[in-house]
Amino acid sequence: MVLEQEDWQPASKSGLHLAFRPIHDVVGGRVFAYEALLRGPDGEEGDEIVAQLPPEQHAELDRRIAAAAVYRAMDAGLGSTPARLLIPIYSPAAASAQASLAAANEAGRRTGLVPERLIFGIHGFADLHGQHLADLVEGHRRAGSTTAFIGLGHDPVGYTPCVRYRPPMVRLDPDLVNGIESSWSRRLMLEELVPRLRDLGIRVIADGVERETVLQRLRSLGIFHVQGQLVAPPMPGVLPPTRIVRPAAAA
């Protein structure tokens, strides 16, 4: 696959751009991975941007995001850290199983980022046709990369693909995580869900961590990989450091 120059050039201030935010490992006291996020000129998020585009442009956008994420992350210093890079696939149903993978691997070959440090985050995984989802997970595995299912929430429909296709990682929806320190129903759901995922060999990432009380509750449930405002907000073009210091993580 030939990559065009604009795939790795910074976007203009008035256009689409990539921001990065860390996934923090509270046990290791370090950044586990940086997630690349598509953002619009007025702060629009990736899913919103994709929804505004014609369907025939979805696959190309994901391909370009994958390439640009590698180039921009390496420009920002990812190569000098042990952290991985989480690349979003916003429209997995629109593309072949290999499109984003091939684009990211070619960018990685040029910059020195090996496939083993890549995580592909599949948005809308519960709505995908089974064989297509299986092909995505298997294609990433064969290349040495990792798959994460993004946005597991209250709906039990999302749990079935996790059981069937066993992605190495699942990220919980912020709506499920937020408020667990005071919501009995959310806490009960996570108490049942997290051990099941762990028994399947699936690493759980919690998004939406905004307060220390939420972080401590997640730790008590055995969730040690977290994202959210407490960790660090997304920042355009740079890899922000985590706000969680080692002593607090080890407490």
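Reader: Is H140 buried or exposed in this structure?

Author: The model shown here is predicted, and within it H140 has its place in helix 4, which covers residues 130-143. Residues count as buried under 20% relative accessible area. Because the relative accessible area of H140 is 1%, H140 is buried.

Reader: Which residues is H140 in contact with, leaving aside its neighbours within four places in sequence?

Author: H140 sits in helix 4, and the contacts asked about leave aside its neighbours within four places in sequence. With those set aside, the residues in contact with H140 are I89, L101, F120, S145, T146 and T147.

Reader: How many helices and strands does the protein have, and what radius of gyration does it have?

Author: The protein is built with nine helices and nine strands, and its C-alpha trace spans about 50 × 40 × 35 Å along the principal axes. For 251 residues, a compact globule would have a radius of gyration near 18 Å, and the protein agrees with this, since its own value is 17 Å.

Reader: What percentage of the contacts between residues at least 6 apart in sequence join residues at least 24 apart?

Author: Of the 251 residues of the protein, 51% count as buried, and its accessible surface comes to about 11,300 Å², with 52% of that belonging to carbon and sulfur atoms. Among the contacts between residues at least 6 apart in sequence, the share that joins residues at least 24 apart is 67%.

Reader: How far apart are the C-alpha atoms of A19 and P240?

Author: A19 lies in strand 1, residues 17-25, and A19 is buried because its relative accessible area is 3%. Leaving aside neighbours within four places in sequence, A19 is in contact with several residues, among them E35, A36, P234 and G237. Although A19 and P240 are 221 residues apart along the chain, their C-alpha atoms are separated by 9.6 Å.

Reader: Where is V231 placed, and which residues does V231 touch, not counting those up to four places away in sequence?

Author: V231 is found in the loop between strand 8 (225-226) and strand 9 (235-236), and V231 counts as buried because its relative accessibility is 0%. Not counting residues up to four places away in sequence, V231 touches P22, H24, V209, V226, P241, T242, R243 and I244.

Reader: Which residue of A94 and H58 aside, what is the distance in space between these two, C-alpha to C-alpha?

Author: A94 lies in the loop between strand 3 (84-89) and helix 3 (99-111), and A94 is partly exposed because its relative accessible area is 42%. Leaving aside neighbours within four places in sequence, A94 is in contact with H58 and A59. A94 and H58 are 36 residues apart in sequence, and C-alpha to C-alpha their distance in space is 6.3 Å.

Reader: What is the phi of R166, which is not a glycine?

Author: R166 lies in the loop between helix 5 (159-165) and strand 6, and R166 counts as partly exposed because its relative accessibility is 45%. Most residues other than glycine have a negative phi. R166, although not a glycine, has a positive phi of about 50 degrees.

Reader: How far apart are the C-alpha atoms of R196 and T213?

Author: R196 lies in helix 7, residues 184-199, and R196 is partly exposed because its relative accessible area is 46%. R196 and T213 are 17 residues apart along the chain, and their C-alpha atoms are separated by 24 Å.

Reader: Which element gives the largest share of the lining of the largest pocket?

Author: The largest pocket holds about 550 Å³ of space, and of the 25 residues that line the largest pocket, the closest to its centre are R21, E45, R171, P174 and D207. Two or more lining residues come from each of strand 2 (30-39), helix 1 (46-51), strand 5 (146-152) and strand 6 (169-172). The largest share, three residues, comes from strand 2.

Reader: How many residues of the lining of the largest pocket are nonpolar, polar and charged?

Author: R21, E45, R171, P174 and D207 are the lining residues closest to the centre of the largest pocket. By kind, the residues of the lining divide into eight nonpolar, eight polar and nine charged.

How values were computed. Residues numbered from 1 in each chain as written. Predicted model: local features only at pLDDT ≥ 70, side-chain atom pairs only at ≥ 80, totals over all residues. Heavy atoms only, no water. Buried < 20%, exposed > 50% of the residue type's maximum accessible area, 1.4 Å probe, protein only. Contact = heavy atoms within 4.5 Å. 1 Å grid on protein atoms, 1.4 Å probe; cavity = no way out; pocket = protein on both sides within 12 Å on 5 of 7 lines; lining within 4 Å. Points joined across faces, edges and corners; volume = space filled by probe spheres on them. Nonpolar A, V, L, I, M, F, W, Y, C, P; charged D, E, K, R; others polar. Rg over C-alpha atoms; globule rule 2.2 N^0.38 Å. Areas by Shrake-Rupley, 256 points an atom, 1.4 Å probe, with all protein chains shown as cover.
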